[in-house]
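Hi,

Here is the structure I promised to pass on. Have it open while you read, and I'll go through what turned up.

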Amino acid sequence: MTTSKPLYVYLQRPDTGEWVTVGRYARRGEEEPGMFLYAPSYIDARLPWSIDPVNLPLIGGIEHPANRYRGLHDVLRDTCPDAWGRQLLQREFQLPDNAHDSDYLRLARNGDRWGALATGTSRKPSIDALKSPKLQQLDGLVEELLAMSERRPPVDARLRKLLMSTPSMGGARPKGTLRDGKDYWLVKPILQSDIADIPRLEHFTLKWGAASGLNFARSVHHQVGNAPSVIRVLRFDRQDDTRRMVISAASLLSAEYPGGPRAGWSYPLLAQILQRIGAPQRDQIELFNRMVFNAIVGNDDDHPRNHAAIYETEEKRWRLSPAFDVVPNPEMDPKALTMQVSAGRFDITRETILADALLFGFKDRRDAALHLDALLSTIRDAFPTVEADLPVDVRRLLRDRLANSLRELTAA
Ligand SMILES: Nc1ncnc2c1ncn2[C@@H]1O[C@H](COP(=O)(O)OP(=O)(O)OP(=O)(O)O)[C@@H](O)[C@H]1O
Ligand SMILES: [Mg+2]
């Protein structure tokens with residue numbers, strides 16, 4: 001007997017784009033973990049995609065218990081909102097502060113949902129068709145997001161309704177998605193509470209990462225006259241009408257974020273898991289490079305929901321996703337990252353960065369040290385190619401931070 005009505009989980013097939021019912025989530029009681037069962041039809045069809053290659057192996061006929069998030073499976077939690085979307089849902093549905101994650105899953109709707117999963121109460125897939133705002137509506141979208149975050153009445157009632165019905169994307173900052181041709185862009189404006197121009201800083205940093213040869217999400221920054229500064233970041237989980245399967249690093253690490261123990265938040269562990277789920281070795285090196293980049297630029301908000309993997313249909317395997325939400329701390333030079341750089345160590349030193357190098361696939365420590373030295377030079381040389389758009393004070397802050405980091409991380 002189930003106390004909550006089961007929630008059916010749908011997947012847009014990466015190969016054909018068809019929606020299928022992949023399974024069912026249910027909770028038997030307040031204190032009971034939720035259970036996920038792969039649909040017999042999905043198992044019988046011998047479809048090859050596990051929705052979570054670490055925690056939900058593709059085994060039919062058994063109910064898989066949820067071990068975290070008070071009984072919601074990690075990969076379903078990935079498709080729920082965080083602080084921003086929750087705040088909207090709480091306001092709209094008068095949800096209590098201790099509402100269960102599955103309530104947010106149920107209420108957040110499928111329109112903008114992250115990745116290729118969707119949910120509903122019918123056995124057969126039923127996904128709302130959503131008309132995302134267009135690029136020409138960027139200014140209106142930003143104005144409405146700011147009105148929402150400042151609890152002002154709607155500026156444009158239709159846009160407000162649309163944004164209220166698409167609260168499912170994660171993260172703390174106000175955000176919306178717009179469409180431009182085949183591309184979807186995540187839009188994040190500056191906030192009154194920001195102590196720096198965060199959208200400009202994020203855009204600069206994504207460009208710096210790309211200029212350093214790393215795989216960073218593409219972004220565009222807008223700021224004309226007195227209009228608010230805003231970044232739009234290309235959504236890698238959308239391409240035209242196809243949604244792409246994704247999974248957060250929190251899920252891959254079987255770690256709860258936010259709230260869980262930090263012991264499981266780890267770059268070298270994540271590198272090993274990438275290998276285990278079939279990603280090529282270059283993704284492990286890319287992860288090492290991102291860890292070093294975060295250390296150098298002082299992005300200490302590198303938590304396990306700020307890394308992800310994506311299923312590459314053509315390659316038939318999981319890959320590390322492009323890097324996103326990489327923003328240097330604008331207030332102080334961090335001495336540690338949020339994820340471990342080596343077992344039990346969060347602090348940023350040459351020693352800690354190289355300590356678990358073998359787990360990223362380096363041959364030996366010497367090999368890793370040579371790689372690190374070349375990477376430090378590449379990141380240093382890329383800075384002058386992208387710094388022009390930064391305000392003078394931020395440019396100085398980051399230039400000094402870069403110099404300090406290079407001193408710290410270069411061999412004595
Ligand atoms: N380029 C992208 N393509 C697809 N999904 C993305 C992209 N960027 C972010 N996401 C997803 O949206 C979520 C929120 O985005 P992001 O991390 O940029 O927001 P934020 O509010 O700044 O987050 P935080 O609370 O970590 O500061 C991410 O956790 C990730 O799941
Ligand atoms: Mg984030």
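Phe204 is buried, with a relative accessible area of 2%, and Trp208 is buried too, at 1%. Buried here means under 20% relative accessible area, exposed over 50% and partly exposed in between, using a 1.4 Å probe and protein chains only. Before going on: this is a predicted model, where local features need pLDDT of at least 70, side-chain atom pairs count only at pLDDT 80 or more, and totals for chains, interfaces and linings use all residues. Residues are numbered from 1 along each chain as its sequence is written, chains are lettered from A and ligands numbered from 1 in the order in which they are written, and side-chain values use heavy atoms, with hydrogens and water left out.

Back to those two rings. Phe204 and Trp208 both sit in helix α7, four residues apart, about one turn of the helix. (Helices are DSSP runs of H or I with at least four residues, strands are runs of E with at least two, and both are numbered from the N terminus.) Rings of Phe, Tyr and Trp (its six-membered ring) pair if their centres lie within 6.5 Å; planes under 30 degrees apart are stacked, over 60 edge-to-face, and the rest tilted. That rule gives twelve aromatic pairs. Phe204 and Trp208 make a tilted one, 5.5 Å centre to centre with 40° between the planes. Ring pairs also link Phe204 and Trp208 with Phe216, Phe293 and Phe383 into a cluster.

Another pair to find is Phe288 with Phe362, which is edge-to-face: 4.9 Å centre to centre, 75° between the planes. Phe288 is in helix α10 (281-297) and Phe362 in the loop between α11 (350-355) and α12 (365-386), so this pair ties together parts that are 74 residues apart in sequence. Phe288 is buried at 0% relative accessible area, and Phe362 is buried at 7%.

Charges turn up over rings as well (NZ of Lys or CZ of Arg within 6 Å of the ring centre and within 35 degrees of the ring normal). Arg86 lies over the face of Tyr104, 4.4 Å from the ring centre, and Arg232 lies over the face of Trp185, at 4.5 Å.

Last, a word on where a pocket sits. Domain 1 (7-120) and domain 2 (135-165 + 173-239) both give residues to the lining of the second largest pocket, so that pocket lies between them. The domain bounds come from an automatic or database domain assignment.

Cheers
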